[in-house]
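Here is a short report on a multi-chain model.

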Amino acid sequence: MGKLDKFLLTDLFKGLMLTLKYAFKKPITYQYPEVRRPIEPRYRGRHRLTLHDDGSVRCVACGLCAAICPSQCITIEPMEGPGGKRMPQVYEIEIGRCVFCGFCAEVCPFDAVVLTQEFEMATTDKSTLLFDQQTLREKPRG
Amino acid sequence: MNDRPLTGRMHPDRTPLSLREYEQAGGYQAVRQAVGRIAPVEVMNLVKESNLRGRGGAGFPTGVKWSFVPRGAQARRPVYLIANADEMEPGAFKDRRLLEGDPHQIIEGVILASYAIEADIAYIFLRGEYTLAARRVRQAVAEAYQAGWLGKNICGSGWGLELHLHTGAGRYMCGEETGLINSLEGRRATPRNKPPFPQLSGLFGRPTVVQNVETLCNLPHLVTHGAAWFKELSRCKDGGTKIYGVSGKVKRPGAWELPMGTPIREILEDRAGGMRDGVHLRAILPGGASTEFVTVDQINMQMDFDTCQAAGTRLGTGMMIVLDDQTCPVGMMLNLERFFAQESCGWCTPCREGLPWIVQSLAAIEAGRGEPADLDILEMHTRLLGPGLTYCALAPGAMEPLHSGLKIFRDDFERHLREGRCPWS
Amino acid sequence: MPVIYIDDQPYEVAAHHNLLHACLGLGFDIPYFCWHPALGSVGACRQCAVKVFRDEHDRRGQIVMSCMTPVRDGLRLTIDDPDVRRFRATIIEWLMVNHPHDCPVCDEGGHCHLQDMTVMTGHNYRRHRFAKRTHRNQDLGPHIHHEMNRCIQCYRCVRFYHDYAGGKDLNVFGAHHHVYFGRHESGALESEFAGNLVEVCPTGVFTDKPARRYYARKWDLQSAPSVCGQCGVGCNVLFNERYGKLVRVDNRYHYEINGYFLCDRGRFGHDFVNGEERIRRPLARESRGASLRETSADDALSRATQAVAGRRVIGIGSPRASLEANFALRELVGADSFYLGLSDAEFKSANLSLALLRELPTASLHEIETADAALVLGEDLLTTAPRMALALRQLARRQPTAESIVACPVPEWNDQAVRELVQQQKGSLFSATPGPTKLDEDAAAVYYGELDEIAGLGLAVAAAVDQPSAETDSLATQIATALRNAKRAVIVSGGNEAVMQAAAAVVRALRRAGRDAALCLTQPEGDTLGLAMLGGRALSEVVRDGAECVIVLENDLFARLPEADATAFLERTKTLIVLDHSITRTTARADVVLPAATIAESTGTFVNYEGRAQRCFSAFAPQPDVRESWRWLDALRSSLFWPTFDDVCRAMAQAVPAFAKAPDAAPSAAFRQIGNKIPRQSPRFSGRTAITAQLNVSEPKPPDDPDSPLAFSMEGSREQPPPALIARYWAPGWNSVQALNKFQQEIGGPLRGGDPGVRLIEPEAKP
Amino acid sequence: MTLDLADILKQYPHAGRDALIPLLQSVQENFGYLSRDAVIAVGRHLGLPASKIYGVATFYNQFRFQAPGKHHVQVCRGTACHVKNSATVLDAVKRALKIEPGQTTRDGAFSLEVVACIGVCGLAPVIRVDDEFYAGMTADKVRKILDSYRKKEAANG
């Protein structure tokens, strides 16, 4: 690099030119949260407990998801529901520990737990990261 | 000399021979000749020599079977002899004829067999539905006791025999010798594992021989006339005559006593009068429901144990079932397999679960809901319900008609699948 | 020993086994259902097919059922042949034709033999497309849940319940594919051993009904080896916990004692651990007359310490508390003030038992099963020691077999054939009891009479053994002849002193005659004999002695003393301190109640009827205020002597010579396997990090266990632990209890490394 | 009923287990079926638990456990009838009576039995109600015949 270039601040102007060039182009970043990025179809996000048509959970509390879970973040306490049907009394996922591997959904014999595309679970209070059955039943936002 | 020893002296009107009639026709002569006169072992050797083979279906040489029974001080008493009259195979009715027509003949047979194996107690295990036979045999047993042919000290020999009549409660499994023994003990008629064979540990854990009615009926004649005479009756190397029967759409269905080894054609055409008019023969189950089909081109086959086996089927009971061209072979097999599935005792897995699956598959095919995979399922069962793989011979027997049927009537099965209905319906 | 060739490799095997037994023993995996090591073979399921070859040139081979094929020298076979593999997979396919595939909701799921075998055979695709047959279930009472649709018709349940245990009310009904296993009408199962159906059934037809309330998978259970304290037999059990609740009690195999089976009292009798009556917080009252109130542990301890300090204190021990707890109490109050918490009759019988056991040899349950003759004097074993009654029944079943198979050679494992040979013949089992018992029908002869008459019969038998005379035809002579003819005889008694003495007289007479005879004396509770060995004064003396301060250890005085005596004694007591786990009439009168841990939550040593010391380990850590009794008692002393269990156990071994060997009952807490503790949880234990997330999202440290080599964790050694520390039966591919095969030296034989426990009493007379 | 239970049992003194099946046969012959009481009485006589007797009796085809109905319906399933579609006839009877073979309707009016062959193959497919044979059955005819029995029953009060 010559002294002249240094004196004329060529590099600076080159840089400014690049900035100027992009100033008139369409931006490539998303203005999250106003603008939301499309999510890939096989994205694995927050869990959801699927329901029967009558609103009861499909889950029979067999315990396979809890057993397969590599981060051991699923807790199930089964109970006998109406008509002797087996169902979960407690179904909790401690989402803060979840690695979103999707094994739980994979292993479920009834497709009762699925991974949705929801990913916005940030919080300032760690204790809210324990998702109980009610939370897991809700339809994901968006 | 009489060439129909078993049935020759029966009344044409099917009334039974009374004790007096039986004795006048030479009955109980064999007992008089043998019991106390010749050693039991000699009687057994005579039977061995005569090549008498069991008429129940398996065709095991009778004398050899008896030779496994322990004798003398070795034997744990009592020793039992059981006459197997639980004739339940579809299409079989030969024993009924023998029991109803000449009840003393079977009693004499029982006495001789019991003497040969030194048995103390004998049973006749009769199919429950044979009420007429039960009445006649019961009467005959009472007469025989009265005349001293049964009871203590027969013919002054010091040897005695008790004979009981037991009517079955209806299960095909009671025809299997160990199933029969269990039933007689008042248990469920599930078969037993062999070994130990019943000759060593049978009824109440004691030595027991189970023999078919027809086999036993041969004994009095065999003892009276000798082994040479007996062998001459036959047209093959097995001795004696055989009761052959035909059922199906023939002109004169029935049963006849003919020399062992009579060809199918003679039985079918000379005796049964051939097929009914307008009906054509397609295949024959030569030995009853649990034997392989033979086709029309094998009709000259001699009906004896070895020839049948060489031809890939079995002599079985010798009561043939004829399949004609107006009956759906799939439907016929469905009917047979439903019988076997119903009569499975439920002890071993392949038979208990396999046979109902076969029935479901056949029923689906017959109803036009079959799938090509069903044929593979059926074929698999014919392989895996084989001898040694199941607990007893019921399932392997049930597979025999299906095994050959799948080959012979392959086109008919495929037509069912193709047309989605039974072409005969 | 014969040599068999599996895939051309030679193996030595025992001659009297069947091929399945031998191959499993060699470590090969062959799937099976109807065979059971204790029940023998019947060849019903056809699952254990292998291919045998005529000689080394035979390549076609023949498929046979390995369970029905005797071992013989030079036998060549293969387990891994395409034909047999296909056949075995098809057997599963057939069984699956009607199996409901409801594993997710089935209580057996996760420890199901059928699941294991399905995976083992590789069957995975269903080709049967028709309707399944269904059955109605029955209500079989409070203990067993019935789900008939899952049945695979292996006939094990009836063979165990009916043939092995002598139950009358379970049977098989119907025929062909409608075979039904159950009662002839709904109703509670009557057998004392019905609970074993849960383990005998290879799938979920019979499941543990109390455990169903908790719906826990085997892999989620935290378990520890323990001992049943319901009677003096000392059967080995596994306690299984989840969420702080005792979920299920399983059989823990012990070759010498309970083998494969437990009685229902042991299996279903531990519900008090979760009971409403449990004391979970220390209780104290301000003054006499005030009511008991919950208080803190510190407060309760300080009250108790104050009451104890400087006073004469009486300690009352307990036959249901561990040796260590009783020892700790004795150390606290001094040997002179230590009273055995036994009723008068129990006291006498326990001391007499001890004296007799020191004189004459005794027999384990396994030795009873394999003896040739037995005489029961005075005891209704089905109520006092049910598992012993089951062992005697096996003697009665086995002994005529031995005679029959000489006459007609049949292998002993060929169950049906053997039973056919034996018919109704009964073995040399004799019973003399005050009234009819369920064991009577197995006995060759039965005698009913008052206890003194029974003692008289015993003495008459002893006399007849001494002087055999063929002419008299009395019952005593008949029994004496049978006992004299036996290679090994066992006399069972208990309870009444005179009867026990008579039983001992029979044993002595037999030994004088040069026969091998043993004496078995039942004990009413888990540690009765241990208490007698520890030694102490009779409880009847306590009423006379009295004291200002009394400590009662896990005992209810009203059950041991006459009502008036107990009331009077407690009236005179100024301060009553009671340690117990549940509310009793004694705790209701206490001034301080210290909540004791139950057997499922504590580490301790128990001594069974034969003087065998056995260790129990806590299956789960007790709640914060609940402690093992020896811990409370240690805390009552001026300074802590015994921070861990090993300390108290060692101190006891030093102080009491009879217990010198007690520490050897199981490895000490210092035991490590490849540097690791033994985990109480399975590697699949679920939700570890999240299980307490509702309290705190940070995962807490698992509780420490300074008392044992076991850890309250899934982490630790994955090797097979020493037998006293086996917390679950699991092996790769074997999730059900049948994984036990992999823990035994020989199938149906002792555990690898020897059976746990140590006998503390050496009789003078050598067996 | 010709004999009562005690008389039947008296014919089998000191009987063992092997007398079980003959004994059950005579009970059924006299009463038409094996009642719960009869089974228990037989059990007491032979020293066998009821479950064992039921275990044996349910194995065999011969034994019935419900009292036969006022009208006993037999459906033939022999080969001849099979060929002429006796399966649909049986289905129709089962549907009309809402019972399975071996059972009796709740009002005790009908019982159903499947027999291997009635022996009138010329009339196939055939059913028999009490002593009356009905030939050439179809599902429709079955319904009508059973209805007529019901009506007769109602008319008789």
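What share of the 157 residues in chain D do buried residues make up? They make up 34%. A residue is buried if 20 or more other C-beta atoms lie within 10 Å of its own, exposed if 12 or fewer, and partly exposed in between, with C-beta atoms placed from the backbone.

## Basis of the model

This is a predicted model: local features need pLDDT of at least 70, side-chain atom pairs count only at pLDDT 80 or more, and totals for chains, interfaces and linings use all residues. Residues are numbered from 1 along each chain as its sequence is written, while chains are lettered from A and ligands numbered from 1 in the order in which they are written.

## Chain D

Chain D has seven helices and four strands. Both are DSSP runs, numbered from the N terminus: helices are H or I with at least four residues, strands are E with at least two. From the N terminus on, the order in chain D is α-α-α-α-β-α-α-β-β-β-α. Take the contacts in chain D between residues at least 6 apart in sequence: 61% join residues at least 24 apart. Two residues are in contact if their C-beta atoms, placed from the backbone, lie within 7 Å.

Chain D is assigned domain 1 (5-57) and domain 2 (71-155). Such bounds come from an automatic or database domain assignment. The centres of these two domains of chain D, taken over C-alpha atoms, are separated by 30 Å.

## Contacts between chains

Four pairs of chains are in contact, and chains B and C share the most contacts. Here 30 residues of chain B meet 33 residues of chain C. On the chain B side, helix 13 (329-343), helix 14 (349-366) and helix 15 (372-384) each supply at least two residues. Helix 14 of chain B gives the largest share, eight residues. By class, this side of chain B has 15 nonpolar, 11 polar and four charged residues. Nonpolar means Ala, Val, Leu, Ile, Met, Phe, Trp, Tyr, Cys and Pro; charged means Asp, Glu, Lys and Arg; the others, Gly among them, are polar.

The contact of chain D with chain C takes eight residues from chain D and 10 residues from chain C. The chain D side divides into four nonpolar, three polar and one charged. Chain A does not touch chain B; their nearest C-alpha atoms are 26 Å apart. Chain A does not touch chain D either, with nearest C-alpha atoms 26 Å apart.

Chain B is divided into domain 1 (19-233), domain 2 (241-324) and domain 3 (329-419). The centres of domain 1 and domain 2 of chain B, over C-alpha atoms, are 27 Å apart. Their contact takes 12 residues from domain 1 of chain B and 16 residues from domain 2 of chain B. The domain 1 side has four nonpolar, three polar and five charged residues.

Four strands of chain B form an open sheet in the order 3-2-1-4, with parallel pairing. Two strands pair if DSSP finds at least two bridges between them. Strand 3 (162-167) and strand 4 (208-212) of chain B stand at the edges, each with a single partner strand, so one side of each is left without a neighbour in the sheet. Neighbouring strands are turned by 20° against each other on average, direction ignored. Five bridges join strand 1 (residues 80-85) of chain B to strand 4 of chain B. Among the partners across this pair, Ile82(B) bridges to Val210(B) in strand 4 of chain B.

## Chain C: antiparallel sheet

Three strands of chain C form an open sheet in the order 10-11-12, with antiparallel pairing. Strand 10 (222-227) and strand 12 (245-251) of chain C stand at the edges, each with a single partner strand, so one side of each lacks a neighbour in the sheet. Strand 10 and strand 11 (residues 236-242) of chain C pair over six bridges. Pro225(C) stands opposite Leu238(C) in strand 11 of chain C.

## Nonpolar cores

A nonpolar core is a set of buried Ala, Val, Leu, Ile, Met, Phe, Trp, Tyr and Cys residues joined through C-beta atoms within 7 Å. The largest has 416 residues, and those with the most contacts inside it include Val110(B), Leu112(B) and Ala374(C). Helix 17 (residues 497-512) of chain C gives the most to this core, with 10 residues. Apart from this core lies another, of 19 residues, among them Cys76(D) and Leu146(D).

Terms used:
Axes are lines fitted to C-alpha atoms, for helices over the stretch in contact, and angles run from 0 to 180 degrees between N-to-C directions.
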